[in-house]
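User: Hello! I am new to protein structures and would like to learn how to read one. Could you take me through it step by step?

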Amino acid sequence: MSDLNPASTNEAPSLDTLKELYSHQNRECWLCKSYAEKLEAGKELKEEELWHFTNCVMAWEQVNHENQEAEQPLEKAA
């Protein structure tokens, strides 16, 4: 899923990317749930809604990425 993570760029992720990332995240945020439903209904998000959705989704993506790295066994030095 690293090809969906724009963390290495300064660009804001697209709404399609945010929706895709959100759909794979296993978490509860009633605001994000509401915003995702709004987007699925074809409605636009207000500026403050988009700000929350973007930051919350990307923060959870970062947490997931860090957790995955921590779970990988460290290679032993030869």
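Analyst: Here is a short tour, taken one feature at a time. This is a predicted model, where local features need pLDDT of at least 70, side-chain atom pairs count only at pLDDT 80 or more, and totals for chains, interfaces and linings use all residues. Residues are numbered from 1 along each chain as its sequence is written, and side-chain values use heavy atoms, with hydrogens and water left out.

User: What is the mean pLDDT of the protein chain?

Analyst: The pLDDT is the predictor's confidence in each residue, from 0 to 100. Where it is low, the predicted coordinates should not be read in detail. Here the chain has a mean of 84, and 79% of its residues reach 70 or more. Among the elements, α2 has the highest mean (96) and α3 the lowest (89).

User: How many helices and strands does the protein chain have?

Analyst: Both are DSSP runs, numbered from the N terminus: helices are H or I with at least four residues, strands are E with at least two. This chain has three helices and zero strands, in the order α-α-α from the N terminus. Helix α1 covers 15–24 and α2 covers 30–40, while α3 covers residues 47–71.

User: How does the span of α3 fit its 25 residues?

Analyst: The expected span is 1.5 Å times one less than the number of residues. For α3 that gives 36 Å, and its end C-alpha atoms are 36 Å apart, which agrees.

User: Which residues of α1 are buried?

Analyst: Buried means under 20% relative accessible area, exposed means over 50%, and partly exposed lies in between (1.4 Å probe, protein chains only). In α1 the buried residues are T17, L18, L21 and Y22. Seen down the helix axis they fall within an arc of 130 degrees, so they line one face; the arc is that of the directions from the axis to the C-beta atoms. An α-helix has 3.6 residues a turn, so residues three or four places apart point the same way.

User: What do the buried residues of α1 pack against?

Analyst: Contact means heavy atoms within 4.5 Å. The buried residues of α1 pack against α2 and α3, and those of α3 pack against α1 and α2. Among the buried residues of α3 are H52, F53 and V57.

User: Which residues touch the most other members of the largest nonpolar core?

Analyst: A nonpolar core is a set of buried Ala, Val, Leu, Ile, Met, Phe, Trp, Tyr and Cys residues joined through side-chain atoms within 4.5 Å. The largest one here has 13 residues, and L18, Y22, C32, L45, F53 and V57 touch the most other members. Helices α1, α2 and α3 each supply at least two residues of this core.

User: How many aromatic pairs does the structure hold?

Analyst: Rings of Phe, Tyr and Trp (its six-membered ring) pair if their centres lie within 6.5 Å; planes under 30 degrees apart count as stacked, over 60 as edge-to-face and the rest as tilted. This structure holds one pair. The rings of Y22 and F53 have centres 5.7 Å apart and planes at 55 degrees, so the pair is tilted. It links distant parts of the chain, with Y22 in α1 and F53 in α3, 31 residues apart. F53 counts as buried because its relative accessibility is 0%, and Y22 is buried at 18%.
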